[in-house]
Amino acid sequence: MKRIISVMLILVMMLSMVVVNTSAAGVIFRADFKTMTEDQFYAQFMEGAFHVDDVEGVLYGYYEAKALQSMYSDPDGIFDNTLNTWLTYDASITLSMADDELVEYDRTINIAYCNDNPRVNGAAEAREFITLTYDIQKQEFNATVGGFPGFTEGGLLGDPIPMELDVEGGTFYTFGISVEKNRVRFFIDDQLLYDIDGTSMYVADSINSPFFMWNDGNYLNITDITVATATHLYPSTGSAPTPVETTAPTQPAETTTRKEVVDVTDDKGNAVTDADGNKVTEEIIVTDAPADTNTGAVQGGNSASTGDVTFIVVAAMVATLGCAIIIRKVNI
């Protein structure tokens, strides 16, 4: 009888553990900037140059707002499982990006998995970032490992993915990351960009990691940050989904060359003649440029390149105004 009761107690305990584990799957953190104060936000994330505008319901930051990183305790230089760190997790951030006129360097948005496992396992001397970068100048995504977010020296983890996004602040996009055991996936608006085999990089091996975003050169408005248990936001299919197709870059039009005999002229444009009065000629190679497909009628003049027209307009505006007037939000 005692043995039966013991077995029943063990079964009850096992079932209760299953219930706890099942209920634990879901959202860990969700930001609502219409009701969340700045102090409440920074109780979850490391102090930085981002500020809460509860009227607009956004977290905003200029180029000075570089790192957006969940809070963690790291007394020995390696992430542990206190505060807001996770071994495996899903995270997403919804934002709009616009140019910050006070900076002139290249603009990027970066979502990263801060991987300390290679260092712990003796495979690297420092932390390795596995990063999704959107390069605004090139209008393409890259996935890299090793280097600090925004740099590709560490090594590419796949082909660049060209994608034209609105980078003038008019559109919100959701960047996502899913970290599983030996696997990292990156997303844009629930569309899979990269599915990375993390076996050789000790992904989710033993050391936990915070959520990490790095901003270069942008004015950001952020409406949502969500962290959840692994595969809650981005369910795993069991096999690698098909990433978005990489579109081939447009090839420049071919140029042609030809030989042409022309008269030799002096510095005043007069034809040069020999002792017998015959014109002196020479053979030259002429390169014909490709046809200009970016032309259009310009009011009050001849056809001209739209790129040139834009430059002239901008130059005229600069000459008239003399300087740019920049208005920034001020956190009160």
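Residues are numbered from 1 along each chain as its sequence is written, and side-chain values use heavy atoms, with hydrogens and water left out. Because the model is predicted, local features need pLDDT of at least 70 and side-chain atom pairs count only at pLDDT 80 or more, while totals for chains, interfaces and linings use all residues.

Q: How many helices and strands are there in the protein chain?
A: Helices (H or I, at least four residues) and strands (E, at least two) are DSSP runs, numbered from the N terminus. Counted that way, the protein chain has four helices and 18 strands.

Q: What share of the residues of the protein chain count as buried?
A: Buried means under 20% relative accessible area, exposed means over 50%, and partly exposed is in between (1.4 Å probe, protein chains only). Of the 332 residues in the protein chain, the share that counts as buried is 36%.

Q: Is Thr94 buried or exposed?
A: Look for Thr94 in strand β5, which covers residues 89-99. Its relative accessibility is 14%, so Thr94 counts as buried.

Q: Which side chain makes a polar contact with the side chain of Thr94?
A: A polar contact is a pair of N or O atoms within 3.5 Å; within protein, one must be able to donate a hydrogen and the other to accept it, and residues adjacent in sequence count only if both atoms are side-chain atoms. Thr94 also has plain contacts (heavy atoms within 4.5 Å); leaving out residues up to four places away in sequence, Thr94 touches residues including Phe172, Asn221 and Asp224. At 2.7 Å, the side-chain partner in the polar contact is Thr174.

Q: Which residue forms a salt bridge with Asp224?
A: A salt bridge is a side-chain nitrogen of Lys or Arg within 4 Å of a carboxyl oxygen of Asp or Glu, and the whole structure has nine salt bridges. For Asp224, the closest N and O atoms are 2.4 Å apart, and the partner is Arg30.

Q: How many residues apart in sequence are the parts that Asp224 and Arg30 tie together?
A: Asp224 is buried at 12% relative accessible area, whereas Arg30 is exposed at 54%. Asp224 lies in strand β14 (residues 218-228) and Arg30 in strand β1 (residues 27-30), so the parts that the pair ties together are apart in sequence by 194 residues.

Q: Which residues do salt bridges that share partners join into one network with Arg183?
A: Arg183 meets Glu180 in a salt bridge at 3.4 Å, N to O, and Arg183 forms another with Asp195, where the closest N and O atoms are 2.7 Å apart. Salt bridges with shared partners join Arg183 into one network with Glu180, Arg185 and Asp195.

Q: Which residues point one way from β11 with Arg183?
A: β11 is mostly covered, with six of its six residues buried. In a regular strand the side chains alternate between the two faces of the sheet. Val184, Phe186 and Ile188 point the other way from β11, and on the side of Arg183 you find Arg185 and Phe187.

Q: In which sense do β11 and β12 pair?
A: Two strands pair if DSSP finds at least two bridges between them. Over six bridges, the sense in which β11 and β12 pair is antiparallel.
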